[in-house]
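Subject: Structure for you to look through

Hello,

Here is the structure I said I would pass on. Please open it first, then read the notes below beside it.

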Amino acid sequence: MHPLETYLNDLRLIHGVGVKETSYYSALANLFNTVGQTLKPKVRCIINPRNKGAGIPDGGLYTPDQLGRTTDLDSLPGLIPARGAIEVKGAAEAVRDIVRSEQVTRYLSRYGQVLVTNLRDFVLVGTDDGGKPVELESYSLAPDEAAFWRLTAHPRSVVEIHGERFLEYLRRVMLHAAPLASPQDVAWFLASYARDAKARVEGGEIPALAAVRTALEEALGLKFEGEKGEHFFRSTLVQTLFYGVFSAWVLWHRENPRRTDRFDWRSAEWYLHVPMIRSLYYQVASPQHLRPLGLVEVLDWTAAALNRVDRPTFFERFEEEHAVQYFYEPFLQAFDPELRKELGVWYTPPEIVKYMVARVDAVLREELEIEDGLADPRVVVLDPCCGTGAYLVEVLRKIAQTHQEKGADALSAGDIKRAAMERVFGFEILPAPFVVAHLQLGVLMHSLGAPLLEERIDENGVHKKADRVGVYLTNALTGWEPPTEEGKQRYKTLQMSYPELMQEREAADTVKRGKKILVVLGNPPYNAFAGVSPKEEQGLVEPYKKGLIAEWGIKKF
């Protein structure tokens, strides 16, 4: 049985007896313990822990390292619940009145954070920089007491609406005070908030984004049709928002690693250097689009989580362990596992990536007699489904290695940078891995001594566009043929309203039609995603699959 269903059933039975609010504590404890068991480390709820100088809270959230093998808190003097205290009132009371109470203020001063609930509303309360109480995150199951008790009579229906979002909220509450430094943990929080946002977007109407939808279809060379196409479109919007915020946070940090101010998602577009993503983020993140969908508070929570990250530790692992390469897949698995499966987004081990790139380099040298292999300026490379850019990074590393072996000089960094911008290309259809690919390649170019420059005015007063690597948001299976007259007219119409999106398409089409691509490599998705594949794409994947089952025994596509 779902933990929320069990909780509501327990409350309904207790409510029928007509006892005091303390009788509900066991139902809450069971709920918190069920959720806490899924975490690493696990979190345990103890009802009425010992008074630690601020009164006796209704509950406390503890970790295994605190409790050991005992639940006798009297034998552990001075033990403060690592994940905060709990304050519980009856369903008739307004949760905001409880939050503002003197009792909660006392608990905050002693325990750092308090989860306040009236059984139907849950508010995590912390303190601001001045030590004053502030609401961190909240969740509501019902607007008032009467509506809540009616809900308890239909717990399965409540689970369908609130089940996973509510559990995600409780997990975040129990992890809120935990150290946040590893890329995997940051990816989980990002995905958790994105799941909440996706649920809100899927439940609301977004007619104001109809024009954005049309522009995206034209820019990506696909159609959002049917139920799956609609799901893909809304998922794309959420991914754009959250990876736009994440990307901006990374670049905000790199601007000044020692900065002490707080990151604000509202300024994210200033840090997004790829014009198309900046434009798309601006369209999606505009107040008239976010407020009706209830996404402002979710993005506020996301920024607060990023501001809790131990940035020196995170970025040491992020760059040195190449965590960006692995960042997207766990995000998509937690955010939208169905979409991940539909699109065939699977992690490729670095050993395989390195072997494939090295083998291509060897073939160029040995069979095509291209002495410098991938480092030869004539070799144009394309990863048609580049994901987070693992293959592109390895290609550029191989080019850098060749330069080193030949005795790199002051011009070598510039050669590698030109390769990244002019002849090593990647196509990607999803905004999130597209953003990560740009991040990863930017980190690599910086480490190779060839950083990508921002938009600027040079010493002669000439305006220079920002440097960008050759990774484009596009459908790799379309756009290889010149457009029809109808297509040209649609392009001209959208160019007026969404120039950056159309410029992205134009740049991708220039690669498709104008570059003499010699090397195609990568790990393509094995599924054609129903709901977005246009007529032009039909049948293109089938020759790739031919013989894979009969000759190689590969069955999963």
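A residue is called buried under 20% relative accessible area, exposed over 50%, and partly exposed in between, using a 1.4 Å probe and protein chains only. By that rule Asp-300, with a relative accessible area of 31%, is partly exposed.

This is a predicted model, in which local features need pLDDT of at least 70 and side-chain atom pairs count only at pLDDT 80 or more, while totals for chains, interfaces and linings use all residues. Residues are numbered from 1 along each chain as its sequence is written, and side-chain values use heavy atoms, with hydrogens and water left out.

Salt bridges

A salt bridge is a side-chain nitrogen of Lys or Arg within 4 Å of a carboxyl oxygen of Asp or Glu. The whole structure has 25 of these salt bridges. One of them joins the side chains of Arg-266 and Asp-300, at 3.0 Å from N to O. Arg-266 is in the loop between α10 (226-255) and α11 (275-284) and Asp-300 is in helix α13 (residues 296-308), so the pair ties together parts that are 34 residues apart in sequence. Helices (H or I, at least four residues) and strands (E, at least two) are DSSP runs, numbered from the N terminus. Arg-266 is partly exposed, at 46% relative accessibility.

Two further salt bridges each lie within one helix. Arg-397 and Glu-394 meet at 3.7 Å, N to O; they are 3 residues apart in helix α18 (residues 390-405), which separates them by about one helical turn. Arg-397 is partly exposed at 29%, whereas Glu-394 is buried at 12%. Asp-415 and Arg-418 meet at 2.2 Å, N to O, and they too are 3 residues apart, in helix α19, or about one helical turn. Asp-415 is partly exposed at 30% relative accessibility, and so is Arg-418 at 42%. Elsewhere, salt bridges that share partners join Glu-137, Arg-165, Arg-172, Asp-196, Arg-200 and Glu-297 into one network.

The sheet

Helix α19 (residues 412-422) also lies across strands β8 (424-428) and β11, at about 35° to β8. (Such angles run from 0 to 180 degrees between N-to-C directions, and the axes are lines fitted to C-alpha atoms, for helices over the stretch in contact; contact means heavy atoms within 4.5 Å.) Both strands belong to an open sheet of 4 strands, with parallel pairing and the order β11-β8-β7-β12. β11 (470-473) and β12 (519-520) are at the edges with a single partner strand each, so one side of each has no neighbour in the sheet. Two strands pair if DSSP finds at least two bridges between them. Strand β7 (residues 381-383) and β12 run parallel and are joined by 2 bridges; Val-381 has Val-519 in β12 as its bridge partner.

Aromatic rings

Rings of Phe, Tyr and Trp (its six-membered ring) pair if their centres lie within 6.5 Å; planes under 30 degrees apart count as stacked, over 60 as edge-to-face and the rest as tilted. There are 16 aromatic pairs in the structure. For Trp-249 and Phe-315 the ring centres are 5.2 Å apart and the planes at 35°, so this pair is tilted. The pair links distant parts of the chain, with Trp-249 in helix α10 and Phe-315 in helix α14 (residues 311-320), 66 residues apart. Both Trp-249 and Phe-315 are buried.

Regards
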